[in-house]
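My plan is to go through it topic by topic and write down what I look up.

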Amino acid sequence: MAKTFTSENFKSEVLQSELPVLVDFWAEWCGPCRMVTPLIETLAEAYDGRAKVGKINVDEQSELAFQYHVSSIPTLILFKNGEVLQRITGARPYEELEAFLKQAL
C-alpha cells in the first residue's frame, strides 16, 4: 500500500530514507490523479522493500507542493539519498511509471 507523506513525516520518510522514494503529488478533485492512483498502489506493492512509494495531497500539504515547485498534478518526483533525482508530470501508463522508478534502483 502506498504511504501518505505529510509535512510531519516527509523528512524521515523521504529525505532520510535509505531506499529510493517515489512521491505522487495529487488531489482528490484531479481526474488524471485518480487514474494514476491504482498504478501507484501497484508499484508500492511490487517494489515493497526495494523502494518507498507514497502520495502527497497538495490541498492538505500545500507547503510541500510549493517547496518542490509542483504547479500541475499529478506530478511524480523520484528521490534518492534525499535529493530529487527526476520528475514527471501528468498521467502515464504503468510501464512508464515503473521505468521511471527503476532509474533509482
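**Entry 1: the aromatic rings**

I start with Tyr 68, which is buried, with a relative accessible area of 12%. I take buried to mean under 20% relative accessible area, exposed to mean over 50%, and partly exposed to mean in between, with a 1.4 Å probe and protein chains only. A note on the source: this is a predicted model, so local features need pLDDT of at least 70 and side-chain atom pairs count only at pLDDT 80 or more, while totals for chains, interfaces and linings use all residues. Residues are numbered from 1 along each chain as its sequence is written, and side-chain values use heavy atoms, with hydrogens and water left out.

Which ring pairs with Tyr 68 edge-to-face? I find Phe 79: the ring centres are 5.3 Å apart and the planes stand at 85 degrees, so this pair is edge-to-face. My rule pairs rings of Phe, Tyr and Trp (its six-membered ring) if their centres lie within 6.5 Å; planes under 30 degrees apart count as stacked, over 60 as edge-to-face and the rest as tilted. Tyr 68 lies in the loop between α3 and β4 and Phe 79 in strand β4, so the pair ties together parts that are 11 residues apart in sequence. Helices (H or I, at least four residues) and strands (E, at least two) are DSSP runs, numbered from the N terminus. Phe 79 is buried, with a relative accessible area of 1%.

I count three aromatic pairs by this rule. Another of them joins Phe 10 and Tyr 68, with centres 5.5 Å apart and planes at 50 degrees, so I log this pair as tilted. Phe 10 lies in helix α1 and Tyr 68 in the loop between α3 and β4, so the pair ties together parts that are 58 residues apart in sequence. Phe 10 has 4% relative accessibility, so I count Phe 10 as buried.

The charged end of Lys 55 sits over the ring of Trp 26, 4.7 Å from the ring centre. The test asks for NZ of Lys or CZ of Arg within 6 Å of the ring centre and within 35 degrees of the ring normal.

**Entry 2: the cores**

In soluble globular proteins, nonpolar side chains tend to be buried together. I call a nonpolar core a set of buried Ala, Val, Leu, Ile, Met, Phe, Trp, Tyr and Cys residues joined through side-chain atoms within 4.5 Å. Which members of the largest core touch the most other members? Of its 19 residues, they are Phe 10, Val 23, Phe 25, Val 70, Ile 73 and Phe 79. At least two residues come from each of α1 (10-15), β2 (21-26), α3 (62-67) and β4 (75-80). β2 gives the most, with four residues. I find a second, separate core of 17 residues, and Val 36, Ile 88, Leu 101 and Ala 104 are among them.

Next I listed contacts, meaning heavy atoms within 4.5 Å. Leaving out residues up to four places away in sequence, Ile 73 touches Phe 25, Trp 26, Ala 27, Trp 29, Cys 30, Cys 33 and Val 58.

**Entry 3: the disulfide**

How many disulfides does a search of the whole structure find? It finds one. The rule wants a pair of cysteine sulfur atoms within 2.5 Å. Cys 30 and Cys 33 form the disulfide, with their sulfur atoms 2.4 Å apart. The torsion about their S-S bond is about 80 degrees, so the disulfide is right-handed. Are these cysteines buried or exposed? Both Cys 30 and Cys 33 are buried.

**Entry 4: the backbone**

Most residues other than glycine have a negative phi, and most peptide bonds are trans. I looked for exceptions. The peptide bond from Ile 73 to Pro 74 is cis, with omega near 0 degrees. Pro 74 sits in the loop between α3 and β4.

His 69 has a positive phi, near 55 degrees. His 69 is also in the loop between α3 and β4. Its relative accessibility is 64%, so I count His 69 as exposed. Asn 81 has a positive phi as well, near 55 degrees. I place Asn 81 in the loop between β4 and β5 (83-89).

**Entry 5: Thr 75**

Thr 75 lies in strand β4. At 1% relative accessibility, Thr 75 counts as buried. Beyond its neighbours within four places in sequence, Thr 75 is in contact with Val 23, Asp 24, Phe 25, Val 70, Arg 87, Ile 88 and Thr 89.
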